[in-house]
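Hi everyone, thanks for making time today.

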Amino acid sequence: MTDFARAAQIIASQCALVRVRRASRALTRLYDDSLRAAGLQATQLTMLAAVATCGDEGVQLSALADGLVMDRTTLTRNLVPLEKAGLLRVARAPGDARVRIISLTRQGERAIEAAFPLWERTQKHVREQLGESRADALREELGRVVALATRPEKAAEPRRTKQRAPTQQKARSGKRKAT
């Protein structure tokens, strides 16, 4: 049996989760500092972007939670301030009152537009510091980590087609309906 001190040392030095969480907190802090001028946090911009990529019809709460790899309760709690700020609209689906549809408002679109140059500057800094190829490799590897953790049976298979979660879908273009 391993004593607690040795177990703790092994966990601290070898655990992928420990490293990823530390990196996540550090990057979140970096992006949060940059986005503060737009009045958003990185997690909020992530949610707005995910909803925006789903199109004018919005996205079901459950699909958004899956795409963001969040449980529905946590997602709902994080959507409340965005809805109160008028950046998102949460409504019942017309055909099924049990289903909630999340859509971006005009104000949400403007928030993304205002945040984009701040995000872009920080993204450029991160890519320059890591190096272009290492930044791309990191993004790809983190995608594989998400697949491993969310779809263990798929992680071992080679990816032949690109699956798009809400955060990876093509952004809509064209005019929006008035909101």
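**A helix on the inside**

Let's start with α3, whose buried residues are Ala42, Gln44, Leu45, Met47, Leu48, Ala50, Val51 and Ala52. By buried I mean under 20% relative accessible area, with exposed being over 50% and partly exposed in between, for a 1.4 Å probe and protein chains only. Eight of the eleven residues of α3 are buried, so this helix is largely enclosed by the rest of the structure.

A quick word on what you are looking at. This is a predicted model, in which local features need pLDDT of at least 70 and side-chain atom pairs count only at pLDDT 80 or more, while totals for chains, interfaces and linings use all residues. Residues are numbered from 1 along each chain as its sequence is written, and side-chain values use heavy atoms, leaving out hydrogens and water.

Now the overall layout. The chain has eight helices and three strands, in the order α-α-α-β-α-α-β-β-α-α-α along the sequence. Helices (H or I, at least four residues) and strands (E, at least two) are DSSP runs, numbered from the N terminus. Of the 179 residues in the chain, 26% are buried.

So what is in the largest nonpolar core? It has 27 residues, and those with the most contacts inside it are Leu48, Leu64, Leu75, Leu79, Leu88 and Ile102. A nonpolar core here is a set of buried Ala, Val, Leu, Ile, Met, Phe, Trp, Tyr and Cys residues joined through side-chain atoms within 4.5 Å. At least two residues of this core come from each of α2 (16-35), α3 (42-52), α4 (61-68), α5 (72-84), β3 (96-104) and α6 (106-130). Our helix α3 gives the most, with seven residues.

Next, how α3 packs. The axes of α3 and α6 come within 11 Å and cross at roughly 120°; axes are lines fitted to C-alpha atoms, for helices over the stretch in contact, and angles run from 0 to 180 degrees between N-to-C directions. The two helices, α3 and α6, are therefore oblique to each other. For the angle words, under 35 degrees counts as roughly parallel, over 145 as roughly antiparallel, 65 to 115 as roughly perpendicular and the rest as oblique. On the α3 side, Leu45, Leu48, Ala49 and Ala52 meet Ala111, Ile112, Ala115 and Trp119 in α6, where contact means heavy atoms within 4.5 Å.

Compare α4 and α5, which pack at about 100° with their axes 9 Å apart. That makes α4 and α5 roughly perpendicular to each other. Leu75 is in contact with Met47, Leu61, Leu64, Ala65, Leu68 and Met70, leaving aside neighbours within four places in sequence.

How many aromatic pairs does a search of the whole structure find? The search finds one. The rings of Phe116 and Trp119 have centres 5.6 Å apart and planes at 25°, so the pair is stacked. Rings of Phe, Tyr and Trp (its six-membered ring) pair if their centres lie within 6.5 Å, and planes under 30 degrees apart count as stacked, over 60 as edge-to-face and the rest as tilted. Both residues, Phe116 and Trp119, lie in α6, three residues apart, about one turn of the helix. Phe116 is partly exposed at 41% relative accessibility, and Trp119 is partly exposed at 30%.

Finally, Ser34 in helix α2 is buried, with a relative accessible area of 9%. Not counting residues up to four places away in sequence, Ser34 touches Leu118, Trp119, Arg121 and Thr122.
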